[in-house]
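Dear colleague,

Please find below the structure that I am handing over to you. My notes on what was found in it follow directly after.

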Amino acid sequence: MTQGSIRIRGARQHNLQNLDLDIRTGEMTVVTGPSGSGKSSLVFDTLYAEGQRRYVETFSAYARQFLDRMDKPAVDKVEGVPPAIAIDQTNPVRSSRSTVGTMTELNDHLKLLYARAAQLFDRETALPVRHDSPDSIYAELVARAAAAGDPRVVLTFPVELPAGTSADEVAQWLSASGFTRVQGERQVATPTGPRKVLDVVADRFRMAGAERSRVIEAIEVALKRGSGRLTVHALPAEEGGEPEVWKFSTGLHCPESDIRYADPIPSMFSFNSAVGACETCRGFGRVIGVDLGLVIPNDKLTLRAGAIKTIQTPAWKEAQDDLMRHAEAAGIPRDTPWNKLTPEQQAWVIEGSPHWNGKWNQQWYGVRRFFGYLESKAYKMHIRVLLSKYRSYTPCPACGGARLKLESLLWRIGSKQDADAVLAPAKRFMPVGVKWSREQLEALPGLCLHDLMLLPIQRLRQFFDGQLPSPQPSPASGRGMPTAGGELLPLPLAEAGGEVRPRPSSSSSKKSPPACATCTMSASATSPSTARAAP
Ligand SMILES: [Zn+2]
């Protein structure tokens, strides 16, 4: 860390009496003194408060409303304040699995960064989803047409009509709206029944020969008439060939999957907000459910020897017999230790027959359905007691423990190289509910918020070091974060990690909202964290 100094002049916060002080950075400084001598007034209520205040001021007015504000401390001036985090001494890091995000509330800042700088990927096709405008569509068309050898292109927009619309009615509709041609028509299923979709021609030309203004006008007309959607058919050079189809749309819409997305807002990236939190676990990441570790406590046992502990009592002998009988029929080894069964064979035991038809006496229903049945009988005291032995907090099935809604996890920050440098592709989080293959996920650039949350602090630091330009020092603040154009600028997160100071619990500074003590993986460590980041 570079050597510098923090200069405090005329500090008068609380009982401080016009104190001047220089503190060298890049080394550890301990502030000691008797109770009431003003240690926390100096460290937290002056130094840290000023750092936090300035840090927040570097954000745009929009971003500031999401951050805690601090009052200006009573001090003449403070110079050379680096980014800082204050950590309460009552909140020690006890688990190596505590994340930077949960411990320091850097996630407050990460959510701003994701809302402004992340890239969205479609949940079905894994394609990037961008805001297209007539200008960006024009530029893309020029490039695609040139690459395709300047084919004749037809710009169309979709118009939805009731399925029963006759050809005459279509012709009538066209002439009334000033268009004459239809490139194609198809039936689509909608929630309100089938509809007829016409691809109405807005214009036709070759890109090389068309004036920019004509193309832009056609794009604008098509987007307006097509409710933000536009399709370009690049006609083949030879008769009878299939036209190539290029789809465009405005807003956060994926033309390939036809899924529309909401514009990102910071609360989407917070599991403490109803906007972002997974609806099933409400942002806890865990739910109470059947704990397979308790159901199969000894994975060296075979199915016959009683690997599934729950059904070994005389009361459930029937279930054990069912398992034996159906396992034989399905070719699942009954005398192989559980830990030697393949994942597919284990899944058969847990989830039941893959062709489950609802007939409990014909097929293996699976451990999960067995517990589902027990739940339905939970009004009986002895069943409740039984269930309680096998239940614990388990990762939320809806979000996979990521605590966020699917849509929040489709946003990624950074390039492929940035991501590869800190987290092996095979370890990246597959959001629950996407239709991506593992290969598609691993080819995507950047990391989703859940990936970042799980990174150790050192790697997180490396990630941001690698991908964000370092802030330029500015004479005005000692450490500037240029704010030209009101842009959200790189947060010096990495450096913030360097300034960690213990903080007496008696201090009056405000506490942060508690991270949920029951849902983080580091559950044992969580008491409310009171960390803050500031320069
Ligand atoms: Zn969840």
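Asp 150 is partly exposed, because 15 other C-beta atoms lie within 10 Å; a residue is buried if 20 or more other C-beta atoms lie within 10 Å of its own, exposed if 12 or fewer, and partly exposed in between, with C-beta atoms placed from the backbone. Asp 150 is found in the loop between helix H5 (134-147) and S7, where helices (H or I, at least four residues) and strands (E, at least two) are DSSP runs, numbered from the N terminus. The phi of Asp 150 is positive, near 50 degrees, in a residue other than glycine. His 14 likewise has a positive phi near 50 degrees, and its place is in the loop between strand S1 (5-11) and strand S2 (19-24). With 15 C-beta neighbours inside 10 Å, His 14 counts as partly exposed. For context, most residues other than glycine have a negative phi.

Please note that this is a predicted model, in which local features need pLDDT of at least 70 and side-chain atom pairs count only at pLDDT 80 or more, while totals for chains, interfaces and linings use all residues. Residues are numbered from 1 along each chain as its sequence is written.

Overall, the protein has 18 helices and 19 strands. Of its 535 residues, 33% are buried. Among contacts between residues at least 6 apart in sequence, 68% join residues at least 24 apart; two residues are in contact if their C-beta atoms, placed from the backbone, lie within 7 Å.

The five-stranded sheet

An open sheet of five strands runs in the order S8-S9-S7-S10-S11, with antiparallel pairing; two strands pair if DSSP finds at least two bridges between them. S8 and strand S11 (244-249) stand at the edges with a single partner strand each, so one side of each has no neighbour in the sheet. Neighbouring strands of this sheet are turned by 30 degrees against each other on average, direction ignored. Axes here are lines fitted to C-alpha atoms, for helices over the stretch in contact, and angles run from 0 to 180 degrees between N-to-C directions.

Strand S8 (residues 182-190) lies largely in the open, because the number buried among its nine residues is zero. S8 forms a hairpin with S9, with two residues between them. The antiparallel pairing of S8 with strand S9 (residues 193-206) extends over eight bridges, and Thr 190 stands opposite Gly 193 in S9. On the S7 side, eleven bridges join strand S7 (residues 152-162) to S9, with Arg 195 in S9 as the bridge partner of Pro 162.

Helix H7 (residues 212-225) lies across S7, S9 and strand S10 (229-234), at about 15 degrees to S7. Helix H6 (residues 167-177), by contrast, is hardly covered, as the count of buried residues among its eleven residues is zero. Gly 178 follows H6 and has a positive phi, near 90 degrees.

Two bridges join strand S5 (residues 119-121) to S6, and Pro 128 in S6 is the bridge partner of Phe 121.

The largest nonpolar core has 37 residues, and Tyr 114, Leu 404 and Leu 449 have the most contacts inside it. A nonpolar core is a set of buried Ala, Val, Leu, Ile, Met, Phe, Trp, Tyr and Cys residues joined through C-beta atoms within 7 Å. Elements that give two or more residues to this core include helix H4 (106-117), S5, strand S16 (411-413) and S17. H4 gives the most, with five residues. Leaving aside residues up to four places away in sequence, Tyr 114 touches Pro 264, Phe 269, Trp 411, Ile 413 and Leu 449. A second, separate core of 21 residues includes Met 207, Val 215, Ile 219 and Ala 222.

Yours sincerely
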